[in-house]
Amino acid sequence: MPFKQGKWLEALLLGLAVSGFVASIFLAFVLALLPVSNQAQALVSVVLVGILMMQLFLLKRLVLPQLLVDSFRVTNIVIAIYLIFRYLVWRVEFTIGGYGFASDFFGTLLFLAELYAAGYAILGFFVTFTPRHRQPVPLPLDADSWPVVDVLVPTYNEPTEILRVTLLGALQIDYPKEKFCVHLLDDGGTDDRCANPKIAEVSQTRRRDLQSLCEAVGAVYHTRQHNDHAKAGNVNAALPSLNGDLIVILDADHVPTRDFLKNTAGFFLADPGCAMVQTPHSFINPDPVEKNLNIFHDSPAEAELFQRYIQAGLDSWDASFFVGSAAVIRRSLLQEIGGIQTETLTEDVETAMKLHSLGYRSVFLDRSQVLGLQPETVTSLISQRVRWAQGAIQILQMKNPLFAKGLSIAQRLTYITSFSYWLFPYARMINMLAPSMFLLFGVMIYNATIDQYLIYGAPYFLATWIYSDFVYGQVRWPLTSDVYEMVQTPLAAIMLFSTLLRPGKRPFNVTPKGEQLDHDFISSAAKVQSVFFGIILLSLVIGIWRWYVHPGERPQLVFTLLWELLNFIIITATMVVMLERRQHRENYRVPAPAGMKVDLELLNGSVLRLPALDLSMGGVGFSRNAWPAGAGQLASVIRAVHLVDEERSIRSDAIPVKSIDGIGDRFGVRFAYVDQQQLQIVVRFLYGHSNQVTALLAARRRRLGFLAAYAYFLVKTGAGLWYWGRFLYQRGRESYLLRNLRQRRRYDMGKAVRRSRRYL
């Protein structure tokens, strides 16, 4: 599809960027091949790392012009690529094998893992080379020219109450009512399921409940005969019945803000070739890593790295892609390609790649406009990520972007980068087990001393870390990715291997949402993680023993023990994650919108206005210090609440109070809804505006230095180990009491039998 007028300049700039990036790679590779002594290389490394650290220092301490920040980033990339190539050349020339077959084999395996990591890092530099941060395109003043929109909410097994909130949020989108319609696509009440004797009663009940829900809120109910192709098939089955210009796809737990369409629909009017606008996914609850490590409230959200920074980088190459929800798609173009693609498990990315191959464009709007739910348990998280990984591998094997027709060179590279990431389980396993080969069995797989590593390896490590901190240090700290990857690695490696052998169609497993954990328990994924933990712990013990028994190995032992110590920190944090902490909360709190007040209606008829601390679908929280001393006891004087937002002139009707509770310096009021209108107003306050979601995420963003990040994870891991200790003590105590009870019962029964025998 030809460029619009004015697009030629953008194309020229992108071409120059690609040319500059390729030239920098070539120059760095040539320089890395030049023979240099260790002393000269040490000096070069110190100078280059010093330049990078100075740039990072200036970025953190000063407000720099964007042009200077961009030049710093390019300098960082060029230096990092040189240090990567220099490290790889040194590894090939001096450090692999030479001590027998085992040394050659495992040393080569480790180098291949490092080669994968280095290649992915360079491709990552390319993706984030010129990130694009867009602003919404305003809609015309004449609302008659606005596109007609269908909002689709596919569902399979999500609870009705989750769907109710999502539908109410979608129905309150600020858009002309005659120009948009909300549809619930029910795949849990299909004809086949309702006719299946084993699940007929449950499926029929679900269908009736959701039909009643749609009738009550004003949405349109859809179902179909079969469950073919899971979510993709569900959407495709509804397409023929739609007549909107655009369709919005929302996951069943993704509640949109009121300004969602006003921020996204304008792109389609401005560019007839725009096929899709994707917005970030943001979440209201912690995932199991955040919950079990207790890092949800004081560290950046894990999803933000991809949902914000990487997608912005992809957008600069016209390669941002559909990620399943919170997206707007032009219906005519989706129907042109036959609907949502169905050949792989990642139907969303597959669909975007098909649209890109036909020359249509995508947009990533860096503005969070949905709040959803993340998986609650470790096994659910792994299941979700494994499905993504399997879909990526399927696309690499069945629809390889390198050979797909119609894609630009930049799009091919960015798609390859996105998909190749999911091979990390194998590189992660090799890196976690490699030091143990030397410490346990004496296999020399990395023949280097600590001095040599400081000259060649440490600069490479520091350069990639500094780039990471420079570009997205506010949303990703050291060790975060390591822990998330290690949580997934063992089971993902097994499942990916089966996909590599047989990449054909695989079952689509829906990620559970809204789970409640009423007690602590050890995840089933802990079994295989405990094997890694045992191997690494034993390796450290044996390594210390070798230090004293084999002093000649100390030059290699220093480096290997430090490597293994880092692995031990990662696996220990992973083991902390394996203890699932109980989660009773049905409704998650978010900070109250700025300017939000609450009018408390007291029993004596007076009204007390207080600022709200936080809000959830279940109630609202306040500071105890805000309660006037002469207003009486909390539990006996509040009858109802009115939510007030003076900034947007919203005021709710009275919502009755169900109960009042207090912990520490705060107290909360629980709602007792009497009608749906009251539920709607709380949804409007909680999910009303994208500024609220942005503020929620911004409160968690901050930069943390390298050493501070390691200290942070050590503190959190230590607290998690203490929690583990309390859990095991409690379990042991309960087991002891249970054994004593059983023994006492057996003793009493035996005593009764002996007495009866004497009586007889």
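Tutor: This is a predicted model. In strand S1, both faces are covered. Val149, Val151, Val153 and Thr155 are buried on one side, and Asp150, Leu152 and Pro154 are buried on the other.

Student: How many of the residues of strand S1 are buried?

Tutor: Strand S1 spans residues 149-155 and is mostly covered. Buried here means under 20% relative accessible area. The number of its residues that are buried is seven of seven.

Student: Which residue in S2 stands opposite Thr155?

Tutor: S1 runs parallel to strand S2 (residues 180-186), with seven bridges between them. S1 also runs parallel to strand S4 (residues 246-249), through four bridges, and there Val151 faces Val248. In S2, the residue opposite Thr155 is Asp186.

Student: How much space lies in the largest cavity?

Tutor: Searching the whole structure gives six cavities of 30 Å³ or more. The largest cavity has a lining of 17 residues, with Ser282, Phe283, Ala301, Ala303 and Leu697 nearest its centre. That lining divides into six nonpolar, six polar and five charged residues. The space in the largest cavity is about 110 Å³.

Student: Which helix gives the largest share of the lining of the largest cavity?

Tutor: The share in question amounts to three residues. They come from the helix spanning residues 304-316, namely H12.

Student: At what distance from the ring centre of Tyr723 does the charged end of Arg581 sit?

Tutor: A charge counts as over a ring if it is within 6 Å of the ring centre and within 35 degrees of the ring normal. Arg546 lies over the face of Phe438, at 5.3 Å from the ring centre. For Arg581 over Tyr723, the distance is 4.0 Å.

Note on methods:
Residues are numbered from 1 along each chain as its sequence is written. This is a predicted model: local features need pLDDT of at least 70, side-chain atom pairs count only at pLDDT 80 or more; totals for chains, interfaces and linings use all residues. Side-chain values use heavy atoms; hydrogens and water are left out. On a 1 Å grid over the protein atoms alone, a cavity is a set of points where a 1.4 Å probe fits but cannot get out, and a pocket is an open set with protein on both sides within 12 Å along at least five of seven lines; lining residues have an atom within 4 Å of a point. Grid points are joined across faces, edges and corners, and a volume is the space filled by probe spheres set on the points. Helices (H or I, at least four residues) and strands (E, at least two) are DSSP runs, numbered from the N terminus. Ala, Val, Leu, Ile, Met, Phe, Trp, Tyr, Cys and Pro count as nonpolar, Asp, Glu, Lys and Arg as charged, and the others, Gly among them, as polar. Buried means under 20% relative accessible area, exposed over 50%, partly exposed in between (1.4 Å probe, protein chains only). Two strands pair if DSSP finds at least two bridges between them.
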